[in-house]
Amino acid sequence: MPFLDKIQRWADERPHDTAVVVGNSRHTWAELRDAATAMLGYGSATTVLSEPNSVGFVARYAAAVAGERRCAVLDPQWPLRMTDEVASRIVESAEIAASVDLIDGDPSSTFLIGLTSGTTSVPKAFTRSRRSWQVSFDASIEFFGLSQDDRTLAPGPLSASLNLYALSECLYAGAAFHTLESFDVGDAHAAIRHDGITRLVVAPTMLRLLSERGLAGDVDASGIRSIICAGSKLDARTLEAARRWAPHAAIYEYYGASELSFVSGTRLAASEPLDVGGTGIGTPFPGVELRILDDAGVSVPDGDHGNISVRSGMVSNGYLWGDDGQALRCLDGWYTVGDQGYVDNGVLHILGRRSDMIITSGKNVYPHEVELALASVPGIEVAVAAGAPDDIRGQKVIAGVVPAYGAVTATQLRTGLDGLLARDKRPLQYYLLSELPMTDRGKVSRKVLLDWIKNHDPRASLLG
């Protein structure tokens with residue numbers, strides 16, 4: 001059962017307690033159950049949801065996974081042509097009957113079709129079983145310490161997997177879930193002030209915005225007990241701002257992948273010193289076995305890098321389409337998405353995708369570790385690293401930076417990396433960026449940065 005049996009239980013036991021809040025609208029547990037039940041007669045075997053956040057979205061999502069129905073949640077900001085293409089592929093693959101009751105289907109059955117970006121314009125689609133998310137809920141509730149007394153705010157779009165999972169997890173746990181109709185820093189601060197938010201689920205960039213503007217605007221976040229961050233490791237500036245703004249919050253970082261679910265995580269208590277600039281992302285999640293394997297599926301020694309591989313009940317079923325044989329591989333029962341890393345004293349260190357690796361003078365450098373180190377240099381908002389062609393070295397490490405404030409020099413960056421990054425991994429050239437290099441789909445792109453540099457684009461100017 002993902003969460004429908006639990007919604008029925010909370011509606012019976014606590015009918016008037018708040019279940020979901022979206023902006024100024026809310027549903028109690030009884031209202032959510034009744035709204036979802038009323039929608040069952042209008043659905044089909046497979047539902048495609050592509051709409052902004054609302055309480056209606058939550059009810060439609062619950063109805064869309066009743067019985068053996070399944071649901072795909074698409075980004076409403078996608079171009080119409082892409083939405084239509086993905087929706088037509090999903091509906092064509094449906095071969096199940098719709099449910100007339102708000103109940104959970106067989107645990108082994110598919111309930112969610114997830115979308116993840118790939119090298120083509122059409123996202124890859126993978127499927128999740130009901131059992132895989134139940135196992136995930138049990139693990140994350142244990143790790144994050146979620147209780148029914150918590151009020152979770154995940155202020156981003158519910159079409160993003162981070163927020164959709166947070167909603168589902170709260171429905172399963174019987175904890176109030178809050179979000180916004182669309183992300184706005186002021187609205188998020190207002191929810192924290194007035195709704196008794198105890199738990200934040202946010203991406204790193206969003207946490208920095210909320211923390212820094214919260215400090216500047218004297219927004220009281222002392223009631224927040226936990227902050228859960230995913231997407232990338234937190235940089236020094238974000239960690240410091242979050243610690244000052246929410247002084248009583250434990251900060252959780254975790255690594256996972258859409259196809260694998262949770263892999264590893266770490267908890268930084270309010271009183272613990274900050275650990276910045278490194279690549280460590282904690283120990284294996286509850287219920288996860290972790291190994292670093294080479295391409296033949298053989299374990300490598302501690303400290304050596306290879307494919308981050310897992311065995312757990314949270315792994316997805318695989319792909320409906322878009323599988324190139326590399327996106328999700330099984331190495332003798334161990335699953336990997338190709339992310340590279342190593343284990344040191346039981347802690348997993350993330351290096352990034354092998355396809356992003358820079359080979360310079362015979363040495364392997366992962367842009368992710370360069371970016372983390374640069375983001376820890378005072379005065380840097382964000383950094384993007386890449387490998388540029390070089391006649392002598394094969395490739396050379398270059399980096400573009402967006403300053404947090406004022407001017408920045410190459411000398412300042414080189415000095416700032418002392419003690420944070422080995423010399424043979426440091427960029428040979430630095431570029432001042434007027435904006436982040438992004439793809440048409442809104443993702444930071446190292447290729448776009450290299451194109452800017454090659455074409456002398458004014459958005460990337462060489463720092464002397």
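Reader: How far is the sulfur of Cys 229 from the closest cysteine sulfur?

Author: Let's start with the general idea: a disulfide is a covalent bond between the sulfur atoms of two cysteines. A pair counts when the two sulfur atoms lie within 2.5 Å. This is a predicted model, and here the closest cysteine sulfur to that of Cys 229 belongs to Cys 170, at 16 Å, which is too far for a bond. Cys 229 is also buried, with 1% relative accessibility.

Reader: And which cysteine has the sulfur closest to that of Cys 71?

Author: Cys 170 again, but the distance is 18 Å, so a bond is ruled out here too. Cys 71 is buried as well, its relative accessible area being 0%. The disulfide count comes to 0.

Reader: Thanks! Now, how many residues does the largest nonpolar core have?

Author: Think of such a core as buried nonpolar residues joined through their side chains. The largest one has 78 residues, and Phe 3, Val 20, Tyr 61, Leu 167 and Leu 348 have the most contacts inside it. Helix H6, residues 161-173, gives the most to this core: 9 residues. Beyond its sequence neighbours within four places, Leu 167 touches Val 20, Val 58, Tyr 61, Leu 158 and Phe 177. Another core of 25 residues lies apart from it, including Val 202 and Trp 245.

Reader: One last stop: is Ser 129 buried or exposed?

Author: Ser 129 is buried, because its relative accessibility is 8%, under the 20% cut-off. You'll find Ser 129 in strand S6, residues 124-129.

Technical notes: Residues are numbered from 1 along each chain as its sequence is written. This is a predicted model: local features need pLDDT of at least 70, side-chain atom pairs count only at pLDDT 80 or more; totals for chains, interfaces and linings use all residues. Side-chain values use heavy atoms; hydrogens and water are left out. Buried means under 20% relative accessible area, exposed over 50%, partly exposed in between (1.4 Å probe, protein chains only). A nonpolar core is a set of buried Ala, Val, Leu, Ile, Met, Phe, Trp, Tyr and Cys residues joined through side-chain atoms within 4.5 Å. Helices (H or I, at least four residues) and strands (E, at least two) are DSSP runs, numbered from the N terminus. Contact means heavy atoms within 4.5 Å.
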